[in-house]
Amino acid sequence: NLRNGPGTNFAKTWEVYKYMPFKKLGKKGEWYKVQDVDGDTHWIYGKLVTEKYKCAVVTKEKANVRTGPATTFKQTDFSPVLRYYSFKVLEVKGDWVRAVDQDGDEGWIYKPLLWIP
């Protein structure tokens, strides 16, 4: 849950899935002020945040997820994914990103279709 202030007494602004990326703007106590893919600001509890790996989110209406880093590779079984679908970044190869979602589904997405802060 993202909130409009640094505490559980503040209203929820957005409920996101695992691996949603944010840009860290500040901190108050155990809460981080963050910016999302659309430029909106929220607060998130610090224990829900990690810097151990990068995350990515789809910025277009939909994005194809492929079995390899080129349009010549076939789409995965869970492709296409919709805007705001989030991933953990595993590898970047040129203009392609190999990523995994919260269910463990993996594939390659064209980098210009993603926001990776």
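Colleague: Which two strands form a hairpin with two residues between them, and which residue in the turn has a positive phi?

Modeller: β9 and β10 form that hairpin, and G94 in the turn has a positive phi of about 65°. Before we go on, this is a predicted model, where local features need pLDDT of at least 70, side-chain atom pairs count only at pLDDT 80 or more, and totals for chains, interfaces and linings use all residues. Residues are numbered from 1 along each chain as its sequence is written, and side-chain values use heavy atoms, with hydrogens and water left out.

Colleague: What counts as a strand here, and what as a pair?

Modeller: Strands are DSSP runs of E with at least two residues, numbered from the N terminus. Two strands pair if DSSP finds at least two bridges between them. In general, strands of a sheet pair through backbone hydrogen bonds, either parallel or antiparallel. Here β9 and β10 run antiparallel and are joined by five bridges. Within β10, W96 is the bridge partner of K93, and V97 stands opposite V92.

Colleague: Is β10 largely enclosed or largely open?

Modeller: Buried means under 20% relative accessible area, exposed over 50%, and partly exposed in between, with a 1.4 Å probe and protein chains only. Four of the five residues of β10 are buried, so β10 is largely enclosed by the rest of the structure.

Colleague: How many residues does the largest nonpolar core have?

Modeller: The general idea is that in soluble globular proteins, nonpolar side chains tend to be buried together. A nonpolar core is a set of buried Ala, Val, Leu, Ile, Met, Phe, Trp, Tyr and Cys residues joined through side-chain atoms within 4.5 Å. The largest one has twelve residues, among them V58, F87, V97 and I109. The elements that give two or more residues to this core are β6 (55-58), β9 (86-93) and β10 (96-100). Apart from it lies another core, of eight residues, including F22 and V57.

Colleague: What is T76 in contact with, leaving aside its neighbours within four places in sequence?

Modeller: Contact means heavy atoms within 4.5 Å. With those neighbours set aside, T76 is in contact with V65, R66, T67, E106 and G107. T76 is found in the loop between β7 (62-63) and β8 (81-82), and it counts as buried because its relative accessibility is 13%.

Colleague: And N4, which loop is that in?

Modeller: N4 lies in the loop between β1 (2-3) and β2 (12-14). At 47% relative accessibility, N4 counts as partly exposed. Leaving aside neighbours within four places in sequence, N4 is in contact with F10, A11, T13 and W43. The C-alpha atoms of N4 and K93 are separated by 37 Å, and the two residues are 89 residues apart along the chain.
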